[in-house]
Amino acid sequence: LVQATTLDPTLREAWSRLADVDLAASRWVEADAAAQRAIALSDDRAHDHETRASAAIGLERWTDAEASLGRA
């Protein structure tokens with residue numbers, strides 16, 4: 001996934017999946033960044049907002065988590 005996003009940084013699905021992998025590994029900062037990138041490419045998937053909310057919870061950024069859940 002990292003290689004895919006390096007070769008084509010416009011692959012929203014790769015950013016979304018990378019965020020999922022980082023979230024599963026408790027890499028909150030990386031998950032948040034990848035989810036933000038996916039959202040920047042297409043803001044229409046609730047899943048990406050949910051992933052970002054979960055990362056924000058892991059980082060104890062409650063306001064960001066609430067905002068992301070609202071967007072989801």
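H4 passes H5 in a left-handed crossing; a crossing is left-handed if the near helix is turned anticlockwise from the far one by less than a right angle, and right-handed if clockwise. The contact, meaning heavy atoms within 4.5 Å, involves His49, Arg52, Ala53, Ala56 and Ile57 on the H4 side. From H5 come Trp62, Asp64, Ala65, Ser68, Leu69 and Arg71. By class, these residues comprise 6 nonpolar, 2 polar and 3 charged. Here Ala, Val, Leu, Ile, Met, Phe, Trp, Tyr, Cys and Pro count as nonpolar, Asp, Glu, Lys and Arg as charged, and the others, Gly among them, as polar.

This is a predicted model, in which local features need pLDDT of at least 70 and side-chain atom pairs count only at pLDDT 80 or more, whereas totals for chains, interfaces and linings use all residues. Residues are numbered from 1 along each chain as its sequence is written, and side-chain values use heavy atoms, with hydrogens and water left out.

To the geometry. H4 covers residues 46–58 and H5 residues 62–71, and they pack at an angle of about 165° with their axes 8 Å apart. Axes are lines fitted to C-alpha atoms, for helices over the stretch in contact, and angles run from 0 to 180 degrees between N-to-C directions. The two helices are therefore roughly antiparallel to each other, the term for angles over 145 degrees. Helices are DSSP runs (H or I, at least four residues), numbered from the N terminus.

Which side chain makes a polar contact with that of aspartate 48? Aspartate 48, in helix H4, has serine 16 as its partner, at 2.5 Å. A polar contact is a pair of N or O atoms within 3.5 Å; within protein, one must be able to donate a hydrogen and the other to accept it, and residues adjacent in sequence count only if both atoms are side-chain atoms. Aspartate 48 is buried, with a relative accessible area of 1%; buried means under 20%, with a 1.4 Å probe and protein chains only.

Threonine 51 also belongs to helix H4 and is buried at 4%. Its side chain makes a polar contact with the side chain of aspartate 20 at 3.2 Å.

Finally, aspartate 22 is located in helix H2, residues 12–24. Aspartate 22 counts as buried at 7% relative accessibility, and its side chain forms a polar contact of 2.8 Å with that of arginine 27.

Terms used. Angles under 35 degrees count as roughly parallel, over 145 as roughly antiparallel, 65 to 115 as roughly perpendicular and the rest as oblique. Buried means under 20% relative accessible area, exposed over 50%, partly exposed in between (1.4 Å probe, protein chains only).
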